[in-house]
Amino acid sequence: MYPSLSQIITSLDRLSGVHPFFGYAFLGFKKAHIPIGETTEFKYSLIKEEILQKYFSFDQVSGYFNPFKSTKNWVSDRYDSTSLQRIIADTFGNAFVREKEHHGWGWATEYVSELDSLRIALKSEKIPLLDLAVWFYRKTSIKSINEVDAANSLILRIITEFDLNSEEITRLFDGVNSYRSIDLSAEPADDRDILNIVGYPADYSSAYATMLSNISIRNVGPFGLINYTPSHRLNVIAGDNSLGKTFLLEIIWWTLTGVWTTYPADPLKSHDRAEIGIDFVMSRSNKQNVIAPYSRIENAWQRPSFEFRAPVIYFAFDGGVFISGPSVLSDQAKSPRLIRLNREQLWNGYSQTDFAGRTRVVSNGLLHDLTQWQLLSERYPGRLAVFEKALRALSPPEGRPLRLGPPARLDGDLREIPTIKMPYGNVPFPYLSAGIQKAVSIAYVFVWAHFEFFRVEDRQADDSIERIVILLDEVEAHLHPKWQRRIVPALLAALEEIAPSSLFQMHVATHSPLVMTSLESEFDSENDRIHVMNFSGADISMTSQPFIKHGTVNSWLESDVFGLGTARSKPAEEAISVARILLARSVVDPADLEKASRALSATLPEDDPFWVRWNRFCDYNNRRPTDATN
């Protein structure tokens, strides 16, 4: 048997109030058996070899884990000869006798009393002996008959190995604590599981991934427990308002990029650290499982900084756009692969001033770029043609395809502004309808990002882009029902025009049954998935539903995806609900029948299909609904 993962995490929490000297240096000196009142040769490398590397290191992770009282969860691999050496000499020097020329070290005569006084002055808790033993021997098999016996076995082992005497145990440790038991497991806890909970060092990097395979969110924001398992290509997220669709897209963006769009997700403060987390699985050829715990000390999520190689574009509900990728220019000093543009910056450009006072243009903006692509086509080969193809694919399903007109000037504005050809003339972009502005913006962002950052032929063969991730919130916003009925297939067609050699993983949030209707001819059950969010009591649940063709918009509204009782007005739905209760009865009070008939007559049209069943029921009860209205 071995200490369980939950026991290890519990023990680490109990070690968090102990000064690092007692967890590292004190035990290193005890391991070296330095004498009392005299000196013997001692080198700091022994602390590194016998304590830091043996108990606080992890394979393929630089530095050493620090569970003790500190603002840092990790210390560097030179900690023994830098910070720890200064702490020993400057803060705890009075507990030792030394001969510096010969590296001689020994305990002062009253070293235990001195260490205890320093512990109290530094507000360090006593060392929890059993919990320290749990951590040190987490991979050591324990032969015991029960949990109490296992605890005693670990305590005896650490006392023996470090030659702890009774005075040390009484004054520096929390006692033997033989009455405590520990939780056991048949297998030792895996290092990755521990790291996924305690967090990785800031410089940790692992093999890159190119696709999101799963997210599990525990006690964060509105979610108690949500599991999101996207498909390879198209993922449609549906659900009522306030269920967290946008919040889920924000977390997807963060798992892929490591940066929040605005505010970090807020964990539920009523839960402890072990109950809070964002776990996600990235995949390329091999899957990589990552757990991002929340640090209450740093008030931040502990996400490993591994590289997600695929580019990501996130179209936010407010018209802003976020772009991330290996070669994306930065709009933030600390985010070398990220551009964040609000709607104004997306249209008119964005620049920033560096530390030397120089202006650097992050984005020229849609208005400038489209004009340049038209007027300087040789300078920007291919861009205009690809943009026009993408815009044609995103055009309204009925009427003329959207096409660029010649640039024009607006009164009071010296810029050349692109226009769109409309039946009634060329319309400058600022005067276009919200729906057409949205289509133009999406087409522009796809083409601009593709040519500036994502194009495969501009990259090395071993660094090619295999997949692009697209996040789109409220895809139907500003669009006429005719357009909603075609928008998702149009997006897929536009992406095919722009980057035919790339694969796409799309995450699309919607409230529209017309969007669902548009998928009936496009949905691929092997590569696409529908995710529906609902209230389950006070909690929010998410289910992945099989795609079923419902045919009409009304049928989609009444499906499990949207959950309407009927695709009629609310008063009509209530009237039919009452009528259905009467239909189930063998005997009906004439007054109830008359009241229900009046409600139906007031809310349903004369040709509503429900009248067929209701009239037959009224005939059976010798009461036609027309009688009730006379």
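**Close-up views of a predicted model**

View 1. Strand S8 (residues 211–220) runs antiparallel to strand S9 (residues 223–228), and the pairing extends over five bridges. Two residues lie between the strands of this hairpin, and in the turn Gly 221 adopts a positive phi of about 60°.

**View 2. The largest nonpolar core.** This core comprises 75 residues, among which Ile 313, Phe 387 and Phe 429 touch the most other members, while helix H15 (residues 434–454) makes the greatest contribution, with 14 residues. Leaving aside residues up to four places away in sequence, the contacts of Phe 429 include Trp 347, Leu 366, Leu 404, Pro 418 and Val 440.

**View 3. The salt bridge between Arg 14 and Asp 131.** The side chains of these two residues meet at 3.4 Å, N to O, and the pair links helix H1 (residues 5–15) with helix H7 (residues 129–136), the partners being 117 residues apart. Arg 14 is partly exposed, at a relative accessible area of 38%, whereas Asp 131 is buried, at 0%.

**View 4. The salt bridge between Glu 161 and Lys 31.** The closest N and O atoms of this pair are 2.7 Å apart. Because Glu 161 belongs to helix H8 (residues 147–161) and Lys 31 to helix H3 (residues 25–32), the pair ties together parts that are 130 residues apart in sequence.

**View 5. The salt bridge between Arg 233 and Asp 528.** Here the closest N and O atoms are 2.5 Å apart. Arg 233 sits in the loop between S9 and strand S10 (234–239), and Asp 528 in strand S25 (residues 528–536), 295 residues apart.

How values were computed. Residues are numbered from 1 along each chain as its sequence is written. This is a predicted model: local features need pLDDT of at least 70, side-chain atom pairs count only at pLDDT 80 or more; totals for chains, interfaces and linings use all residues. Side-chain values use heavy atoms; hydrogens and water are left out. A nonpolar core is a set of buried Ala, Val, Leu, Ile, Met, Phe, Trp, Tyr and Cys residues joined through side-chain atoms within 4.5 Å. Buried means under 20% relative accessible area, exposed over 50%, partly exposed in between (1.4 Å probe, protein chains only). Helices (H or I, at least four residues) and strands (E, at least two) are DSSP runs, numbered from the N terminus. Contact means heavy atoms within 4.5 Å. Two strands pair if DSSP finds at least two bridges between them. A salt bridge is a side-chain nitrogen of Lys or Arg within 4 Å of a carboxyl oxygen of Asp or Glu.
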